[in-house]
Amino acid sequence: MKVKKVVIIDDDISCLDVMQIVINDLGFETFTFTTWKSETIQQIIDIFPDVIILDEWLIGVKGSDLCMILKSINQLRRIPVILISGVDGLAEIAKKSLADDYIEKPFDITDVEKRVLNLVS
């Protein structure tokens, strides 16, 4: 069976580390990014993940804007994106940005597991 791949993009290292541990414990392979660069899209295309977890507040860019960009790229448009943040109104932001799901910070580990498993099955 093919190992599921999850891309996690978050500039909060401690949050990124926790999510990576949780996802790895599910038996999935993780690929982490702390910043968004011009080459990040090509790297994600090359990884071809099963799910992308994307923080709303990254340095210099909003995750919701990146989500809309990811959903506009042929190779990535069907890959589920989970927007994650502590910002008010995250459900509406996720909906407007075409995210497949969202997780509010601070998050519950079992909630992260449940939402990722729901989108990869």
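In which sense do strand E3 and strand E6 pair, and over how many bridges? Strand E3 (residues 51-55) and strand E6 (residues 81-85) pair in the parallel sense, over 4 bridges. Strands here are DSSP runs (E) of at least two residues, helices are DSSP runs (H or I) of at least four, and both are numbered from the N terminus. Two strands count as paired if DSSP finds at least two bridges between them. Leu54 has Leu83 of E6 as its bridge partner.

The model is predicted, so local features need pLDDT of at least 70 and side-chain atom pairs count only at pLDDT 80 or more, while totals for chains, interfaces and linings use all residues. Residues are numbered from 1 along each chain as its sequence is written, and side-chain values use heavy atoms, with hydrogens and water left out.

The E3 and E6 strands belong to an open sheet of 5 strands. The order is E2-E1-E3-E6-E7, with parallel pairing. E2 and strand E7 (101-104) stand at the edges. Each has a single partner strand, so one side of each is left without a neighbour in the sheet. From one strand to the next, the twist averages 20°. Helix H2 packs on the sheet and touches strand E1 (5-9), E2 and E3. Its direction makes about 175° with that of E2. Angles run from 0 to 180 degrees between N-to-C directions, and axes are lines fitted to C-alpha atoms, for helices over the stretch in contact. Helix H5 (residues 109-120) lies across E1, E3, E6 and E7. H5 runs at about 175° to E7.

Trp36 lies in the loop between strand E2 (29-33) and helix H2 (40-47). Its relative accessible area is 21%, so Trp36 is partly exposed. The classes are buried (under 20% relative accessible area), exposed (over 50%) and partly exposed (in between), with a 1.4 Å probe and protein chains only. Leaving aside neighbours within four places in sequence, Trp36 is in contact with Ile9, Ile41, Ile44, Val61, Leu66 and Leu70. Contact means heavy atoms within 4.5 Å. The C-alpha atoms of Trp36 and Leu58 are separated by 7.7 Å, and the two residues are 22 apart along the chain.

A search of the whole structure finds 7 salt bridges. Each is a side-chain nitrogen of Lys or Arg within 4 Å of a carboxyl oxygen of Asp or Glu. One of them joins the side chains of Asp50 and Lys2 (3.7 Å, N to O). This pair links distant parts of the chain, 48 residues apart. Asp50 is in the loop between H2 and E3, and Lys2 in the segment before E1. Asp50 counts as buried at 17% relative accessibility, whereas Lys2 counts as exposed at 53%.

Lys105 forms a salt bridge with Asp10, with the closest N and O atoms 3.1 Å apart. The partners are 95 residues apart. Lys105 lies in the loop between E7 and H5, and Asp10 in the loop between E1 and helix H1 (13-25). Lys105 is partly exposed at 23%; Asp10 is buried at 0%.

Asp100 and Lys71 also meet in a salt bridge (2.6 Å, N to O). Asp100 sits in the loop between helix H4 (90-96) and E7, and Lys71 in helix H3 (residues 63-71), 29 residues apart. Asp100 is partly exposed at 40%, while Lys71 is buried at 13%. Salt bridges that share partners join Asp101, Asp111, Lys114 and Arg115 into one network.
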